[in-house]
Amino acid sequence: MNAPAKTEEFASIIPAGVFAETVLSVTHYTDRLFRFTMTRPQGFRFRSGEFAMIGLMVEGKPIYRAYSIASPAWADELEFFSIKVPDGPLTSHLQAIKPGDQVLMRKKPTGTLVLDALTPGKRLYMFSTGTGVAPFASLIRDPETYEKFDEVILTHTCREVAELKYGFDLVHEIQHDELLHEIVGSKLRHYPTVTREHYDYRGRITDLMSSGKLYTDLGVPVLDPAIDRGMICGSSAMLKETKELLERAGLNEGSNNKPGEFVIERAFVG
C-alpha cells in the first residue's frame, strides 16, 4: 500500500494546474466515514456547495475523485467528508492520511448545488444521504443561505445512527458559533433519519416524502413550487427518486445557466 506522501516527496511530482495542500486534521467517525481538513491555497475561490477534484499520488500517478467542499466559502481551511472503500482506487489510500501529509487538488472548483442555480423562494430543502451531506455542510454555514431563505431544512439519511454524527456535529458547531448562531437563529432545521436501526425518524427520505410523514413531522405544508426549493445529493437511486418527487410536485430542475426550483449534484462520491 502507498502511504500518503510527505511534503518533501511531493515537491518534484506535483502535476501542472494542481495545488498540493497540507492535511491539518482527520476525524474518523465510523469504519466507513471520516472528515479531514487541509490548508486553503492562497487565492483559491469557490462558491459554497461546489466540489473539487481531490487526489493522491498512487504508484507514481495522480488519482482524483470529485469531493464536495464541506467548508463554507469564507473559511480559512478546506474541509471534506469521505467514505472509506477498502479497495477504492483513491479512498483506500485517502483514509490513511494524517496531519502533515499532502493532498492534491485541481485548481478549478465547479458544481450545481449553489444558490445561484435556484430561483428565489422561502423554504430550502437539502436532501442528502451518506456523505452527500458534504455540500450542505458548506451551505448551512454560509450567511448568504439565510439571506435568501426564511427556512432551511437539512435532511440526512444514513443506514445507522452512528453515521449521522457528522450532521449533528455541524448543527452543534453552528449553535455554538457566536456569529453564525446570530445569523442562523431558528431558520435551520435538521431532519436525520436511518434505515437499518430503530430511531425517532426511520426510513428512506423518499418514502417519508411520499407518505407525507416528512411534512407532518416538520409541521410544514407539502411541497409548493411557489415557495419551496430543493437541493439533492446522494446515491444515484436517491437522486432519481427525489427528482421524480419534486417534479411531480411541480418543481423544475435548474442549473448554473438556467436557475430553477431544484438542483442535483451528479458528481457525488459514494
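A residue is taken as buried when its relative accessible area is under 20%. In this predicted model, Leu154 has a relative accessibility of 0% and therefore counts as buried. Leu154 is part of strand E8. Apart from neighbours within four places in sequence, the contacts of Leu154 are Met126, Ser128, Val133, Phe136, Ile140, Leu188, Arg189, His190 and Tyr191. Between Leu154 and His172 the sequence separation is 18 residues, and their C-alpha atoms are 14 Å apart.

Leu124, in strand E7, is likewise assigned as buried because its relative accessible area is 0%. When neighbours within four places in sequence are set aside, Leu124 is in contact with Leu115, Leu118, Thr145, Phe149, Glu151, Val152, Ile153, Arg229, Gly230 and Met231. For one of these contacts, Met231, the C-alpha to C-alpha distance from Leu124 is 7.7 Å, although 107 residues of chain separate the pair.

Helix H9 consists of 13 residues, and the distance from its first C-alpha to its last is 18 Å, close to the 18 Å expected at 1.5 Å a residue. Its buried residues are Met238, Leu239, Thr242, Leu245 and Leu246. Down the axis of H9 these residues fall within an arc of 135°, and they therefore line one face of the helix. An α-helix has 3.6 residues a turn, so residues three or four places apart point the same way. The buried residues of H9 pack against strands E7 (123-129), E10 (228-233) and E11 (262-264) and against helix H7. On the face turned away from the buried side, H9 carries the exposed residues Ser236, Lys240 and Arg248. Just after H9, Gly250 adopts a positive phi of about 100°.

H9 also contributes to the largest pocket, supplying 3 residues, the largest share of the lining. The volume of this pocket is about 430 Å³. Its lining comprises 21 residues, and those nearest the pocket centre are Thr129, Gly130, Thr157, Arg159 and Ser235. Strand E8 (151-158), helix H7 (205-211) and helix H9 (236-248) each provide at least two lining residues. By residue class, the lining of the largest pocket divides into 7 nonpolar, 8 polar and 6 charged residues.

Most residues other than glycine have a negative phi. Glu59, a residue other than glycine, has a positive phi near 55°. Residues over 50% relative accessible area are classed as exposed. With a relative accessibility of 68%, Glu59 therefore counts as exposed.

Note on methods:
Residues are numbered from 1 along each chain as its sequence is written. This is a predicted model: local features need pLDDT of at least 70, side-chain atom pairs count only at pLDDT 80 or more; totals for chains, interfaces and linings use all residues. Side-chain values use heavy atoms; hydrogens and water are left out. On a 1 Å grid over the protein atoms alone, a cavity is a set of points where a 1.4 Å probe fits but cannot get out, and a pocket is an open set with protein on both sides within 12 Å along at least five of seven lines; lining residues have an atom within 4 Å of a point. Grid points are joined across faces, edges and corners, and a volume is the space filled by probe spheres set on the points. Helices (H or I, at least four residues) and strands (E, at least two) are DSSP runs, numbered from the N terminus. Ala, Val, Leu, Ile, Met, Phe, Trp, Tyr, Cys and Pro count as nonpolar, Asp, Glu, Lys and Arg as charged, and the others, Gly among them, as polar. The expected span of a helix is 1.5 Å times one less than its number of residues. Buried means under 20% relative accessible area, exposed over 50%, partly exposed in between (1.4 Å probe, protein chains only). The arc is that of the directions from the helix axis to the C-beta atoms. Contact means heavy atoms within 4.5 Å.
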